[in-house]
Structures are given as C-alpha cells and as structure tokens.
Protein chains: 2
Amino acid sequence: MGTKGELKAVGKRTARFNGPDIVTGRATYADDIQLTGMLYGRILRSPHGHARIRKIDKRKALALPGVVDVVTAQDVPDMAIFAKDEVCHQGQKVAAVAAVDPNIAEDAVALIRVDYEILPALTEPLAAMDPGAPEAVLGAPIKNVKDPKGRKYRNVTAYDVIEEGDIEKGFAQADAVVEQEYHIPFFHQTYMEPNASTAKMGADGRVTVWTAGQGTFGVRTALANAINLPEGRIRVIMTETGGSFGGKNGLVVEAQAAVLAMRTGKPVKVTISREEDFQDTRPGPGCWVRLKTGARKDGTLIAVEGRIVWDGGYTGSGGSANRLLGPYKIPNVRLEGMAVRTNKPGPGAYRAPGAPQTAVARESNLDMLAHALGIDPLDIRIKNGVRKGDRPTMQHDWLKDTLLLTAQTARWGKKRLKKNQGMGIAVGDWQNASGPTNAFVTMAGDGSVAVVTGQVDITGLHTVMGQIVAEELGVPVEKVTVTLGDTDTVPNASLSAGSKAAYSAGTAAREAAREARDRLLMLAAEKLEASPSDLVLTNQQVQVIGSPGHSIALGELAEAAVSSEEGAISGRWILSKIPTYPSFSVNIATVEVDPETGHVYLLDLVAGQDVGKALNPMLVEGQIQGGATQSIGFGLMEGFRYDEKGRMLNPNLLDYAIPTALDVPEIRTVVVEDGCEHGPYGAKGVGEPPIIPGGAAVANAIFDAVGARVTQLPMTPEQVVSALANKPS
Amino acid sequence: MGTKGELKAVGKRTARFNGPDIVTGRATYADDIQLTGMLYGRILRSPHGHARIRKIDKRKALALPGVVDVVTAQDVPDMAIFAKDEVCHQGQKVAAVAAVDPNIAEDAVALIRVDYEILPALTEPLAAMDPGAPEAVLGAPIKNVKDPKGRKYRNVTAYDVIEEGDIEKGFAQADAVVEQEYHIPFFHQTYMEPNASTAKMGADGRVTVWTAGQGTFGVRTALANAINLPEGRIRVIMTETGGSFGGKNGLVVEAQAAVLAMRTGKPVKVTISREEDFQDTRPGPGCWVRLKTGARKDGTLIAVEGRIVWDGGYTGSGGSANRLLGPYKIPNVRLEGMAVRTNKPGPGAYRAPGAPQTAVARESNLDMLAHALGIDPLDIRIKNGVRKGDRPTMQHDWLKDTLLLTAQTARWGKKRLKKNQGMGIAVGDWQNASGPTNAFVTMAGDGSVAVVTGQVDITGLHTVMGQIVAEELGVPVEKVTVTLGDTDTVPNASLSAGSKAAYSAGTAAREAAREARDRLLMLAAEKLEASPSDLVLTNQQVQVIGSPGHSIALGELAEAAVSSEEGAISGRWILSKIPTYPSFSVNIATVEVDPETGHVYLLDLVAGQDVGKALNPMLVEGQIQGGATQSIGFGLMEGFRYDEKGRMLNPNLLDYAIPTALDVPEIRTVVVEDGCEHGPYGAKGVGEPPIIPGGAAVANAIFDAVGARVTQLPMTPEQVVSALANKPS
C-alpha cells in the first residue's frame, strides 16, 4: 500500500526529532520534573531475600525534621504496594518516606526500624521446584505438577504442554538426535535512565503522575488498580524515556509517589538508584531448558521434545514453551513449559520476551544436529525454515531471503578463519503486534504541521510519524512536530511494545494526514476553481495538474481554513487493529576464543533482518545494532548473581557488565525489504527481532572455533574454559 | 437548539473545576514553572517618561558573577523588543538580564548604566494634541487633523467621523439639549497575578514558552513576529491565568524570555513586579469626551454630536467613537473619534473595551436629558432602546426586559431614599464574538470523559464545557475533565475574549460530544442487537427505550470500542464562526453622598443582564458581580496618575485603589434568560457586558443624591466636592 511515485520523506535517513535534545541534555526526563513545593520520596527496601516482617517502627523517621510522611503497608491496608507481613525478595518495598529534601528522605529511610525473621531464600528454579524445597512465598497457591517419582513439585505456578504429532514415532524416524541442557540467569534491560516518578494531587483528589515508560494508558490502568482510584481520576503524563526495552512497561514507583502525594497534599518525586533498579524492577527471566531435537539424514527436522522451566521470581510469572519451536516446520513435538517461584524480583518483558533465551537452546541444538549430520548450519536452517505460503501470512520467502543475504554479507562458508576462530549462525522469529493507537494532524498558517499521538516514542517513532505525515502532505519533515498526548488529552493508545509502534501509529499518522490532505485539496479546489481530482499536493503547495503556476501555498490554505466553513485543517485516525506478519532476524557471529583464558573476542557480527520496508533506514539500522549489542551482552556478559541468602551480588554497573564500545565490533546490518500488505508502506515492526539470535550465534561460533559447546549463560571465560575441559575429545 | 427534555447538567450551579486548586494554591501559574537548569530573567526599564538613549554600558552587569546574559536592542537589531534610541514611556524595556539567581539578576539590572537625554513627556491627550505640543514619539507619523483655527494637531494617530442624518436639523428639532465634557484616566485590569513567562529552546532551535493569557495561538503569532521565527518553530503552553480581563491578550515578557533562552541555551523565567505590570502592560485607555445630546419633549432622542479623544499612549492606539451611540435609536449623529499619542504605555483591551468609558458620557447625558425633560431615567431608556425586530439579530425584547426586571428588583421609583441618597441607572450594550475554536472528546473504560480544547479558560469555560459534554453524554459532570491543549496539540483557537469562549467552545463541546454519543449508540446497537434509534443514553448507560433492563454501561462500551473496528470512542468539532446577537446589561446603583467629605457610599447595586441562557448560573452571577465590581472601581477609585515628567505616581496597589470587600455591597444580580438562536442552549456571551454600566450608574446616582454631576473619573471625594461646589444652585 504505497503512494504513487517516489517517496520523498518516507525511507529517508531523517535524524531523530528528539536526538539533539537528548545528546545536549535538554530533554526532560522523569527525574527532571520540578514542581513548586515538591517533596522528595525515597523507599525503604528489604535487605533480605526472604523474611517475615515482625514489626516496623517508623517513629524515629517521622521525628526527623523535614520528614513529612512515612508510609507502610499498615497505612494503606487496601493497597498492595508495600510488603506487609513478609518480604519475598531483596529490594522489595517496605516503606516510603517523603521529606523536604532528598538527603533527609534518605536519612529517614535509614531510621525506620524493621524487625525481620529471616527465612530460607530460593534463587535457583530447579532447586525451588524440588519437592523438598521451602516455600518462596508463604502460603501462595501452586500448581499440582509431579516429578518422575510422583512427588509434587514445590513453587510451580504454571505448567503447560505443547503436543503435535507423535513424539515417539518422530524420534524413531530420526537419523540423528541431540539433547542438551541450558542454564540462563536473569538479565536486566539496563536502560540508561533509572526510574523516577512524580505525583501531584489536585484539590479535587485527582492525581497526576509524570513518569517514563512505554505507555501512558498502561500506567494509568496499573496505577488505578494499585491505588484504588477509577482511571478517570488519574492523569499520566509520560516524559522522555531514557531506555526501557520492556522494563518500564508497568509500575515502578508511580504508586508510591501517588500515595505520598495524596497523603501529604504536596507534589512528591520518588527517585531510585541503579541498585534499587536492579533489585526491584522486572528483569528478563532466566530459565533452565532441556531440549532434544531429531532430524533425518538430509537434515529435515522430525521431532523436538523438552522442558523449559522459567524462573518466575516471587511473582511466579511466565511458563510458556512455545518459543522453543522457532520458525521451523517440525511434525512431532512435545514441549513442557513451567514457571517456578523464587525469591527474586518478578521478571517481566525484555525486548522480544522469552525469545533470546529459547533461541540459545533451539539454535544450539540445531547447530549440533547440523554438525552431527555434516550439513551446513545455514542449509539446515533454509531447509527447515517456514517458506512463502506455509502460512497464510507468509507472503514472501522472508526467512530464506534474510538467511541468504545475511550469509552473503558475512561471506558464510567463504571467509578464511584462523585457528581458534569460528563462525556461528542463528535465527530469530517474531511477529509484531498492532494497535490500538491514534494520530491527530493539524496544519498552521506557516505550513507547519503538528501531529499528536497517544503512542509513546521510545525508539524514534515520532520521527517516523513525522516522515509519514510529511510524505502525505508534501511538506519537508522539518516542518512537522510530533507531540505525545497524555491520558487526559488523547484516546487510549496501547504500549509502545511488541514492535508495533511504527507499524500501528505509523498507519494512523498516514491516514490522519490523508484526511487533512483531503481537506486541503477541497479548500484549494474552491480557491483555484478546479476539481479536487485535478489538483496535486507538492512542494508545500496545491497545484493544478499540468499548470504549475496555478497554485496556492499550503500555509495560506491552512490560514484561510481557520475561518472557513469547516474550520482549521485537521485529520484524525483512531486505529484498533490491523493484520500483521511474521518477521525474521539472522545473526552471523565470528569469534576468536582464547583457549587458555576462555575469553571470547567477537570479531564480527552481521545482523540481517526482514523489515518489510525501512521507513527510516538509519533508525532501523540503529534498532538492529542496538538489539544485537544487547544480545551479545546477554550471551557473553550479563546475568544476575545471588548469594545463598538471596542477595544480589552484582546490583551495579561495575559488577553487572554490559557491552561497551570496546566489546562490540561494528555490527554490519543487512536490511531485507520485501513489503508486507498492511504495514505502512510495507513496513513491519523492527524493535524486537534484533535481540533474538545474537547469543545463540555466538554460542555456535564458539563451538565452530574450539569445538566446545557452552550451555550456561553468560558465556564468560569461566564457562568457556569449563566447556573446553568437558569437551569430548 | 436545546436537547429534548429537561437539562441535567447544563444550567446547574456546578463549581468551577479549577476552583479547589486555585483556592488551595495548587494551581500552576506562570511563575510556578520550574525547569531543570533554569535561569532567572529581569528587565531594565526606562525611569523616564520620554528620553533619548545616548549610550548603554552593560559591562559591569555582565561582570557580576552569576550573570549569564545581558541583552539590549543593539544585540537583537532585527527585533523591536527593547527601546533603542528613545524611551517613550516610563517602564519601557531597555535591557534584560539572565542570571542563575533572581537576586543576582536584579543586582545586574541595577549595574547597567544608561545615559539618557531627558525629553518633555506628554501625559494628557488634550495637551498632547495641541498644535504647539512636542512629539510624544520623535518622528512618528501623525494624521493631518486641524484645530478650529486651522492649525495642525500634534500627535494625532487616528481620526474618524460617524455621520447619520442631519445633525443641525436634529438639534433644531430638539426640545432639550445637554452638553458635557468628561475626563477619564487610564485604568488597569489589575489581575491578581502579575506577569511571568518561561522559555526554553530545544537543541533544534524550537522555542517553548509557558505563559498566562487568554489565547495560546495569539501569543504564538505575536511572539513569532517579535522574535522573527516562523510560528511552527514556537510552542506556547498556557498556564493557569490569574486574571487577565484583556490585559494578557498580547505579549508582556514572552519575547524577552524567549530571546534570553535562545541566547543562553538555558531555560529562562522572567517575572515582573506589580510596579512593572502597571507601567508596562496594556491598561484600559483614558479619554476626553465632549458630548451633546438632544431630545424631543417626550424623551425621544433626536440628535447626538460630539468628540472623543482617546489617550493612545505611546502606541497611539484606539480612536473609535461608535460606542458613544449605545443601544439607542438616534436619527441624527455626528461623532468624531480620535486617538492621540502620549508618553504612557500603549493601552489595550480591558473587558468590553471602550464601553465603560463611553457609557459614562452617554448615560450621563441621557440622565441629564431625562432630568431636563422631567422624564423618568428608566422610561427614557425604554423609549429609545432598540426593540425586538429593530435589527435582524434582535430576536427578543432583550433590552426592555432587562431594564424592567432590573428596575423591579431594585424597586426603582419605589424605594424610599434618605437625604443625600440617590439612585442611578445606566445601560451597557454588547455583542459577543464567536470562534474559531475546537473541542475533542474521548471516553475511558470507567466511563469518564476527557475533553481537550484549544480555548483558554479564564472564567470557568472548561467547567461549562464539562457540563455540556456531561449533558450530551448522560454522565455526571464529575466524570468529565477538560484540558487545555497547546499550540502543538490542537488546531488554532482564538482568544478567549469578546465574550465568546463559552458561546463558541461550548458549541464545539456540544457537537463533539454528540459525535461521541453517536459512536456509543452505534456500538450499543450492535451489542444490544437493537436499532440506534431505539436507544437512549441516560444515567451512564445506553438503554433500549422502554426496556430499562436491556442496557449496557457507557464505560463498558468505551472499553470495548478501543479494540472495535472504529477504535476508541472520540468526538471532534472544529468551529470557525456562528451567528451572534446583541446583549444588554443594566445597573442600578443606590448611593449616599457625604456632602462635606465628598465620599460616596455605594449602598446597593442591582446588576441585570440578558444572557440568553445561564449555562451555569453561579458562574454567570460571578461574572456579573465581578464585572460590576470592576465598574465600581473604575467609577469611584481607579486611575493612573502621573507627574509632569511622565512618571506614574501610583504604580502599586497601595496608591492605586481597587475595590475591596468593604467597598462593595452584595451585588444583586438579575439574570434574564430569553435564548438566542445559535448560542449553545440559547446562551449568549456574558463576560464583558457586566463591566459597562456601573460607573455611569453611580454617576447618575450621585446626581440623584446631591444634584451634582461628576464628570471627571474616578469620582473621588475631591471630584464630588468640586462638583458640589460648581453645581448650579
């Protein structure tokens, strides 16, 4: 669904609208909000992985001059925003303080006395599900799932099985079978901006909250539930968000800020530290996977069987096995998915949730099969991957084309490698979501265009919407502004998540612009005494086709429209849902392994992705490079570490390593453009696929380099050395 | 154009939505804006009424630690935002300073050395137009208007004559002729909130300004012209406005804040004092009037002749005579209108601009005629006032009805008065403006409704829009919020001025709500399997008519709509213009005059107004009482006083007296409701008419009390004593 002729704004490498403000420090982040008479809030948190709360004494804290309020679960008995009788992970919120100064608030936090009875803490999912394990959350309901000996597992919160075909028969037909276990720890979104929220209560009891995140309406709903107010009594205004990657999808300290504001009658800003951010947000979940995969001699996959146990943290979330299948056609399947409660924060979404973890298991197994059968790892993927027509939504050979083009760029099979060097390939599959969303377009007398949307911009969305509106209205993109509405000013828009923002809000922007364009053409037709069908909108003018001198400037039309019958030029589009399509990412990593130290040097990474249409190639490349970098961090460096009491050992950026410029080569991108039907100008969502295959590609490259299979993440030197020691010789 | 059946929200005494925040100090006013890294701006102003600037030395100011910038006209040669070679009134801006602290900024202002050559200052319009007068603004163009001796007037900037019929013949037919001169000084809107503006420049050069006022788009246009940026490069966000009354219709310190922000790259807030506000904003203009009015024996007005000379300040604005005619039918007219430049601030709009001043002359003359002819002052007004059908827009006997009902409430002619007590009546006429404006309506899952409009709320507009939306959607008004959009988020909306806000934006709100209602009904029809025409929207539900159990909650519909084909419930209305109608205000004042001291005690004031329909009677009464109070201040207390060098003698609220609670009796309101055709639910604009007749009514009451005609405002004890001394015995 393109436009006639050549695109003038869409498809261009337009710099992010908010880029200059971000890099010059002018952007307003959540912690930049300053309100008259504002108090500062700080949180008291559990120092223990698991404990009973016997007593909380806040008298000393309250007595500290400058302290305005100290709130605990007892003060808000109808809200579940503080631990009450039990803390179930280190960092869990126990109390909040509001004071006239942040230092006083911190001092007051230290003055709150909590009497704990320490309980055993569980941090490993397999240990937590052991029939003899203690409870991670006292008295919490569990699923009735039994171990092979018939004993009931403990702390299991979810259990499901995917079954297709006949798994016994499948493996019986296999010429090669591989089976492996994988261990993956929690890993964090590690956005640059730690969380902060500011709340203000109106005299009418309505609460306004400024916070960062991926969706104003999602925060409003969550906050309404948390503090027991109807949604209409809450206004959420989202600031610039300094990274989220799924991590700021829900509440962090919004409810605590709101409650302090409601109790004190003053605006309150709650800011948390990086340590608090590690300990009490929603990291990507870890998991244990056992995966068995069988193939025929020619590489055709025939059976897959296994179990994934998700570390559900204290909320016991997760449990799905379905991502273990990937983009491959496998006739016989039996996959168990489980989630287990542990004494860790409740995990949440991290960019393509569940996909990087499952890709490590799936793509490693596939690599092992290829090696076992003597088939090229690229070929086995092409052979088994979904093809055009395999599903109604597979409109092109997106996976195969992406595999081939990425392999070509990486010179797969042709590159001359030195000793201890190796190449690995892996595939990620995804399908972006869509809507609900909206866009509103207005034109001013200078021909500038103001766009408003409820869709939060986390990765350049507003720039892309600006390009689309510029395209449709024939104005330079510099004349378009895009503003984020809040819950009081725009209709419900969903989270900017699921790779759907540009896909959906881009469509809304296009349609809203077209409505405005139609108004401009109608008005121009009157002024130029021509039929609208004889008019063309180009170069900030409406021209009579074939008579370029016979024209009128858009700004002039917009100015005239204000006092015309139908009023100012505007366009509106409210979108609920449009069809979506699968999309694929392929990473090919080249590594060199130092067999003595176990250090893995990433020499090269080629990241291919099928994007439909790159609405802004620079932003698409940035997404691909950013996601691949996170994937490398996930694969080689990152992971929460805990002591036996459930205390995180590395809740800071010194001990929790993430990739720096020195760790990552220039990631070469391969952007495959073969448009899908309903995406704007053929585009698909691009946000999540890039993070999926990198870790798996590195694991396969390490194997290619030194013949050792690393199955425990992150693939630190210790793990590599250990794998080398254990490799069958 | 009402709705079927009884109104449930419209016409009710709903408290102002922003009232609680205002009275508890929680509202965010312009000076409450706080931005990270913000600097504080202060203005250096002319201490002289008129002077040449020989030299400005800002070195000492710049050298003061903490000073970031000092800007003068020389630094911004393409902008007319500072005096360059000449200051033409005291308080005119000469330089602006930005510093890290407001005290440092003030110290720096004091360190700027300006070398002035003092010139003669003109503060009286008659003196300023004298053929021998100096120039108020050196070299400024003037109109070629001559005095009776054929000498060219000086400093005259506007001259126009209204002529109808034959004035000579008219007066020849008159049985009584009165002629009088009136003097009226500048008077100030005296809003509670002095001006402040904050500006921030984005890294892309776009400028955002937070300021108070009556219209975001008006500020944007004015600012774009002042600082030479296209409108699309400016965003104006309006804060709560603490009174304006026309005074904040244009720029005050927005341009200075913007320029400091652009030069320093930091946010800058400029705040001014009450003194600066008096000396350099746009007060209501003073004037000199000579008015001659003739009537037949029966009171029929037959001729009016005269001249009004407006004191145009240094901008020489104004000049119209047309308001001297008023709502009366007079066949023979000759009225000269002039404006004269003086060395005072340029006057601007003050609630019903020009009307209170001209009413004093017109209504005093009418009173004198009534007394001369022995006719009741009420009767002479009824006799000569416009009646139903006299003009196409006179749909009812609005003036006569308002006169009669006000007189009845005041017990005109029936009240027993003591010695030195008197009653006076006066009439004001007006016609509200309309549009452009807009309204956007959205409903959330809890059935709450969010309204957005570009129309600034200065007097309860948003509350009235909320009532209208509640009415149309069948929800309690407490579930409606109304939010002001800014120049980046809504289409162009005009100033909330000309009594048009509720008239126009109320209509937009009604139509937008109806669009949303239609969507709700369509969706409900699907869900309830009924025809939309069989449905009624009531009590937060859509019901099948006659089957109240067969219903669905609005919130549920709104929730379902988000993922329905057409998406979230919304309604939009963009309005350019609708027809408007005349409206009238009548004041009857009862005073007691102390003939020894000249003090006038206002014993009673009955304020009647024809409002069409009171959308919110409490707010309408508040408007009437507030306007009448200002009118009393104008009549009895207020006025700029100057020394011979053009320096204001009373630029503070101690010396510039405005009415306090002790000065004003409970003003009794008479709300006349006789709907006009196109107003929302029959309403007319109500903001401006209340200020018109009060001063004139008091003048007439003084005459009734002690037989002395005060013609120089304000009618202070000195003026009353002087009038008593001069009264013909």
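Just after helix α7 of chain B, B:Gly265 adopts a positive phi of about 75 degrees. This is a predicted model, so please read every value here as computed from predicted coordinates. Helix α7(B) covers residues 254–264, and because eight of its eleven residues are buried, the rest of the structure largely encloses it. The buried residues are B:Glu254, B:Ala255, B:Gln256, B:Ala257, B:Ala258, B:Val259, B:Leu260 and B:Ala261.

Which helix packs with α7(B) at an angle of about 55 degrees? The partner is α6(B), residues 216–227, and the two axes are 10 Å apart. Angles under 35 degrees count as roughly parallel and those from 65 to 115 as roughly perpendicular, and α6(B) and α7(B) are therefore oblique to each other. Their crossing is right-handed. On the α6(B) side, B:Val219, B:Leu223, B:Ala226 and B:Ile227 take part, and they meet B:Glu254, B:Ala255, B:Ala258 and B:Val259 of α7(B). By class, this contact has seven nonpolar residues, no polar ones and one charged.

## The seven-stranded sheet of chain A

Turning to chain A, seven strands make an open sheet with mixed pairing, in the order β3-β5-β1-β12-β9-β10-β11. Its edges are β3 (67–72) and β11 (234–238) of chain A, each of which pairs on one side only. From one strand to the next, the twist averages 20 degrees. Within this sheet order, β9 (residues 196–201) and β12 (residues 268–271) of chain A run antiparallel over four bridges. A:Ala199 has A:Val268 in β12(A) as its bridge partner.

Helix α3 (residues 102–111) of chain A packs on this sheet, where it touches β1 (39–45), β3 and β5 (93–99) of chain A, and its direction makes about 25 degrees with that of β1(A). Helix α6 (residues 216–227) of chain A lies across β10 (207–211) and β11 of chain A and runs at about 140 degrees to β11(A).

## The five-stranded sheet of chain A

Chain A also has an open sheet of five strands, again with mixed pairing, in the order β7-β15-β14-β13-β8. Here the edge strands are β7 (156–164) and β8 (176–184) of chain A, each pairing on one side only. The twist averages 5 degrees from one strand to the next.

Inside this sheet, β14 (residues 301–311) and β15 (residues 332–340) of chain A are paired in the parallel sense over nine bridges. One pair to look for is A:Val304 with its bridge partner A:Val333 in β15(A). Helix α9 (residues 355–373) of chain A packs on the sheet, touching β8 and β13 (287–295) of chain A, with its direction at about 150 degrees to that of β8(A).

## Strand β24 of chain A, a covered strand

Is β24 (residues 582–593) of chain A mostly covered or mostly uncovered? It is mostly covered, with eleven of its twelve residues buried. β24(A) pairs with β16 (residues 421–431) of chain A in the antiparallel sense over eleven bridges, and A:Gly424 stands opposite A:Ala589 in β24(A).

β24(A) also pairs in the antiparallel sense with β25 (residues 600–610) of chain A, over nine bridges. A:Val586 has A:Gly608 in β25(A) as its bridge partner. β24(A) and β25(A) form a hairpin with six residues between them, and A:Gly598 in the turn has a positive phi of about 80 degrees.

## Helices α15 and α16 of chain A

The axes of α15 (residues 617–636) and α16 (residues 694–706) of chain A come within 7 Å and cross at roughly 55 degrees, which makes α15(A) oblique to α16(A). The crossing is right-handed. From α15(A), the contact uses A:Ala628, A:Ser631, A:Ile632, A:Phe634, A:Gly635 and A:Leu636, and from α16(A) it uses A:Gly694, A:Gly695, A:Val698 and A:Ala699. These divide into six nonpolar, four polar and no charged residues.

## Where the chains meet

The contact between the chains takes 45 residues from chain B and 45 residues from chain A. On the chain B side, the elements giving two or more residues are α1 (19–23), β17 (437–443), β18 (449–453), β19 (480–484) and β23 (570–575). The largest share, four residues, comes from β23(B). By class, the side of chain B that touches chain A has 14 nonpolar, 19 polar and twelve charged residues.

Definitions and conventions. Residues numbered from 1 in each chain as written. Chains lettered and ligands numbered in written order. Predicted model: local features only at pLDDT ≥ 70, side-chain atom pairs only at ≥ 80, totals over all residues. Pairing = 2+ DSSP bridges. Axes fitted to C-alpha atoms, helices over the stretch in contact; angles between N-to-C directions. Contact = placed C-beta atoms within 7 Å. Nonpolar A, V, L, I, M, F, W, Y, C, P; charged D, E, K, R; others polar. Buried ≥ 20, exposed ≤ 12 C-beta atoms within 10 Å, placed from the backbone. Parallel < 35°, antiparallel > 145°, perpendicular 65-115°, else oblique. Left-handed = near helix turned anticlockwise from the far one by under 90°.
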